Amino acid sequence: MNGAEALLTTLVDGGVEVCFANPGTSEMHFVAALDAVPQMRGVLTLFEGVATGAADGYARMADKPAAVLLHLGPGLGNGLANLHNARRAHTPMVVVVGDHATYHKNFDAPLESDIDAVAGTVSGWVRRTMHTADIASDTRDAVAAARGGAVSTLILPADVSWTDGARTAPASPAVAEATGADAAVRGAVEVLRSGAPTVILIGGDATRAPGLAAAVRVAEAAGAKVLCETFPSRQLRGAGVPEVDRLAYFAEAAEAQLAGATHLVLAGAKSPVSFFAYPGKPSDLVPAGCDVYVLAPQSGAAAALEKLADELAPGTTATVAGPARPGLPAGPLTAFAAAAVVGALLPEGAVIVDESNTAGIGVAAATAGAPAHDVLTLTGGAIGYGIPAAVGAAVAAPDRPVLALQADGSAMYTVSGLWTQARENLDVTTVIFNNGAYDILRIELQRVGAASADAPGPRVLELLDLGSPTIDFVKIAEGMGVPARRATTTEELAAALTDAFTEPGPHLIEAVVPSLAG
């Protein structure tokens, strides 16, 4: 058995059954080994950022790691943005980066680079395997680290991969459970029984059904407010689900949500800060005089909240959102009208991958009472996430409809992911909100005071405009094998969504909406 076969066998034995790949010459033995290890499903992407984003979406829905295969340092670099998002989401992922043969590196070939250094910026675990005999044990360790919520990167020189003599790896050693959870719960009980105004900010695994129910039980018993972090990795929402609003993106709105709190309890979330610095405005969003208390980290938040609920609210059940859908609007398409159409038609059990940015401002309210669904969000803020993550989510949950709500500017970063949707015949409906601009940057231009809010100059506006030439997403999608149509009215969007949700396979709808920035 050569090194590549040992790598794939160990991945499969560790429960890693899908690999999103964009390989090159140094990874050809890995590719060849797919025939020898048929339990591994290889999914080809046309760009490394699609591979890493798809692995992120897959792992969030499958609750287990995916693998990614990348070609040398430049391939890793191309995938870096969505690895950044995965790191922020604590997504389990095993990234295999091929490298030059060990004896070839000192010749400084054109693709030579410092893979270890680049990988370290987004990985919680990095190892370079130098001997074929170590591949299985190193891969086992990578999977174990990934299952702990890390992006794990294994760097594999080509000669280590092609050489025979690989051995199987023993089982991973048991990992001791973290201690101190009970003490944290006792401390939180004291905070919540104090009667002082308290906000519970949840994230991590607390945004699934058990954590949401426990957080709402606690908040209702203690008279506290509960909020979800701005960009959760995966949040359950909709009718029959405890309703928890997200912390607002813009700092001013987030400060209003937190105003008056004297205690902030963090359950799987980080202490809130402004996404960017603004002249004359604070970066820390915690109100002055508010004490911050850490109940639990990202992976233990739901369990800690359940213990807290059993202490503060024994025998209670959480209030849940009732079924409610907006009526189908009529007339010209706007961002809020499009949101209403989505809320009116969203199927049961859907997975929403949300990278709609400014154009999706009304979606959360419009879908609050829609049938229960999961939402995946842009955890790290690096755009070009939505289309790839929808690929991964659809691979992980083939029996659930996936709705990708996508801004036009960020769609162009990884639009080649549509080709993979077609190739794999994935049940993904992509709605491109086309307002012909980087609308969020038009808004931020005013917020940072970099240009006159009343009259920014033509050169400024040109750099934020996507309308010259106009991007034709219908033609782009059709050229990649995805059926597509354009909607300019609410009636057209409703008809297109209804058809897409009815017909299996990928679909794209270009929803033409006006700019929110004017």
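1. Let's start with the aromatic pairs: this predicted model holds six of them.

2. Where do Phe20 and Tyr58 lie? Phe20 belongs to strand S1 (residues 18–22) and Tyr58 to helix H3 (residues 48–62), so their contact ties together parts that are 38 residues apart in sequence. Both Phe20 and Tyr58 are buried.

3. Tyr249 and Phe250 make another edge-to-face pair, with 5.1 Å from centre to centre and 70° between the planes. Are these two residues buried or partly exposed? Tyr249 has a relative accessible area of 26% and is partly exposed; Phe250, at 27%, counts as partly exposed as well. The two rings also belong to one aromatic cluster, together with Phe231, Phe275 and Phe276.

4. Tyr278 deserves a look for the charges over its ring. Lys281 lies over the face of Tyr278, 5.8 Å from the ring centre. The charged end of Arg447 also sits over the Tyr278 ring, at 4.5 Å from its centre.

5. Now to the salt bridges. Side chains of opposite charge can pair when their charged atoms come close, and a search of the whole structure finds 24 salt bridges. One of them joins the side chains of Arg41 and Glu424, with an N to O distance of 2.8 Å. This pair links distant parts of the chain, 383 residues apart: Arg41 is in strand S2 (residues 41–44), while Glu424 is in the loop between helix H17 (417–423) and strand S15 (428–434). Arg41 is partly exposed, with a relative accessible area of 33%.

6. Asp99 is buried, at 2% relative accessible area, whereas Lys105 is partly exposed at 22%.

7. Arg140 and Asp141 form a salt bridge too, and their closest N and O atoms are 2.8 Å apart.

8. Finally, which residues are linked in a network of salt bridges? They are Asp63, Arg208, Arg234, Asp374 and Arg400.

Note on methods. Residues numbered from 1 in each chain as written. Predicted model: local features only at pLDDT ≥ 70, side-chain atom pairs only at ≥ 80, totals over all residues. Heavy atoms only, no water. Phe/Tyr/Trp six-rings, centres within 6.5 Å; stacked < 30°, edge-to-face > 60°. Helix = DSSP H or I, 4+ residues; strand = E, 2+ residues; numbered from the N terminus. Buried < 20%, exposed > 50% of the residue type's maximum accessible area, 1.4 Å probe, protein only. Lys NZ or Arg CZ within 6 Å of the ring centre and 35° of its normal. Salt bridge = Lys/Arg side-chain N within 4 Å of Asp/Glu carboxyl O.
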